[in-house]
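Good morning, everyone. Please put the sequence and the model side by side, and keep both open while I talk.

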Amino acid sequence: MARSALSHHFQNHVILMEFILSAEETRELETADVWVADIEPVHTKRVLAVFDKRFSLKELSHLKRIRREDPVVSTEAPQQTTADAARESDSTTTEGTTASTVPPTPTLSVVLAICDAAPLDELQACIDTNELAAVVVPRRVAVSRWPPLTRTQYDAWKHTWPMYWRESAARRDPLTAAEHAVYADLMRSLLPLASAADDQGAEPPSSRFCGAGLAYQPGTKSVVARAHDTRHATGHPLQHTALNLIEAVAAADRARGAALVESSPTSTTAKKRKAADAAYLCAGLVMVLTHEPCIMCSMALLHSRVDGVVYGVASPATGGMGSLIKVHTERALNHKFLAWRNCEADAVEAAFGVRENHHY
């Protein structure tokens with residue numbers, strides 16, 4: 001998995017700010033059984049033609065069809081007996097040269113079919129019908145069910161069977177070390193809000209389990225809005241940090257719109273404002289949150305069309321961006337965005353704390 005160069009120490013181990021990949025990009029090895037036969041190269045074309053016509057391997061197109069098995073040749077010179085010396089003398093030609101030894105022929109291991117789609121009796125019938133019994137002796141081999149999407153997966157799965165793989169730039173962390181440092185500074189700027197939240201009654205002062213966040217616009221390198229959890233102060237169950245932050249962005253947007261209309265009350269300005277309102281609220285913004293947002297907040301951020309989310313501490317029981325689900329990478333949803341975790345995680349936990357089973 002891609003990780004940034006920026007790191008910090010916590011309880012004698014290193015915590016890295018981590019780019020959060022999708023479930024497909026981080027899944028462990030899952031195998032599927034295939035029928036494989038070891039054949040001599042001279043029979044390869046015929047065997048492939050027969051089995052390609054009868055069975056489909058489309059589901060495992062990431063596998064290479066043939067694996068070359070080179071014969072093992074000993075590098076140690078055997079001890080020569082008197083009989084061996086005599087045979088070697090007999091093999092000498094009239095010109096006084098020894099006949100050359102023909103190198104052993106490599107064997108090719110060929111994938112024939114997927115076991116689930118080709119029962120053994122059906123496979124054997126195909127072999128017999130095409131008079132390949134002397135050539136093809138099938139055996140089961142467990143191979144990777146899925147194509148590798150990252151270098152980590154490729155390195156961990158390639159031992160099962162040779163596979164096709166090409167690294168995609170989209171699966172590497174797009175932030176530079178300098179940009180990681182910017183988000184670390186932004187996260188640290190939220191830490192004083194822990195004590196401020198206590199003063200305002202955002203959470204019981206004794207526990208200080210309040211979360212905080214800010215909306216950052218990378219294009220202008222400016223903070224658009226800040227917010228924190230106010231459920232304890234207001235008694236409103238939905239005033240999580242992320243939802244309050246979206247509202248703060250909306251308030252800032254309304255203020256900018258009102259100023260624009262007052263300064264230029266023309267029909268042209270009104271049309272521009274209407275077009276601006278059509279844009280999604282948080283497009284172009286990266287939300288920096290002290291804690292992983294819950295699934296509800298993650299969906300609210302998605303529907304606000306954020307460009308990205310950076311958070312400090314994970315919420316294992318409720319989190320929607322890496323813990324329970326990865327909302328930002330879900331294929332069925334109509335918006336995708338980037339996310340990072342463990343940004344200044346030690347400092348965040350020290351300042352705000354972490355509440356088990358809490359919906360941040």
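First, the ground rules. This is a predicted model, so local features need pLDDT of at least 70, side-chain atom pairs count only at pLDDT 80 or more, and totals for chains, interfaces and linings use all residues. Residues are numbered from 1 along each chain as its sequence is written, and side-chain values use heavy atoms, with hydrogens and water left out.

Helices (H or I, at least four residues) and strands (E, at least two) are DSSP runs, numbered from the N terminus. Buried means under 20% relative accessible area, exposed means over 50%, and partly exposed is in between, with a 1.4 Å probe and protein chains only.

Start with helix 6, residues 177–190. Helix 6 has 14 residues. From its first C-alpha to its last, helix 6 reaches 21 Å, close to the 20 Å expected at 1.5 Å a residue. That expected span is 1.5 Å times one less than the number of residues. Which residues of helix 6 are buried? They are His180, Tyr183, Ala184, Leu186, Met187 and Leu190. These cover an arc of only 160° around the axis, so they sit on the same side of helix 6. The arc is taken from the directions from the helix axis to the C-beta atoms.

Now helix 11, residues 295–303. Its buried residues are Cys297, Ser298, Leu301 and Leu302. Looking down the axis, they fall within an arc of 145°, so they line one face of helix 11.

Next comes Arg305, which follows helix 11. Arg305 lies in the loop between helix 11 and strand 10. Its phi is positive, about 65°, although Arg305 is not a glycine. Is Arg305 buried or exposed? At 11% relative accessibility, it counts as buried.

Glu344 sits in the loop between strand 11 and helix 12 (345–352). At 10% relative accessibility, Glu344 counts as buried.

On to Trp161. It lies in the loop between helix 5 (151–157) and helix 6. Trp161 has 0% relative accessibility, so it counts as buried. What is around it? Leaving aside neighbours within four places in sequence, Trp161 is in contact (heavy atoms within 4.5 Å) with Val36, Leu63, Lys64, Arg65, Arg67, Ser109, Val111, Val141 and Val143. A polar atom of the Trp161 side chain lies 2.7 Å from the backbone oxygen of Lys64. Trp161 and Ile66 are 95 residues apart along the chain, and their C-alpha atoms are separated by 9.2 Å.

Last, Lys326. Find it in the loop between strand 10 (308–313) and strand 11 (338–341). Lys326 is buried yet has no salt bridge. A salt bridge is a side-chain nitrogen of Lys or Arg within 4 Å of a carboxyl oxygen of Asp or Glu. How far away is the nearest side chain of opposite charge? That is Glu18, 7.1 Å away. For charge, Lys and Arg count as positive, Asp and Glu as negative, and His and the chain ends are not counted. The Lys326 side chain does reach the backbone oxygen of Leu21, at 2.9 Å. Not counting residues up to four places away in sequence, Lys326 touches several residues, including Ile20, Ser22 and Met321.

How values were computed. A polar contact is a pair of N or O atoms within 3.5 Å; within protein, one must be able to donate a hydrogen and the other to accept it, and residues adjacent in sequence count only if both atoms are side-chain atoms.
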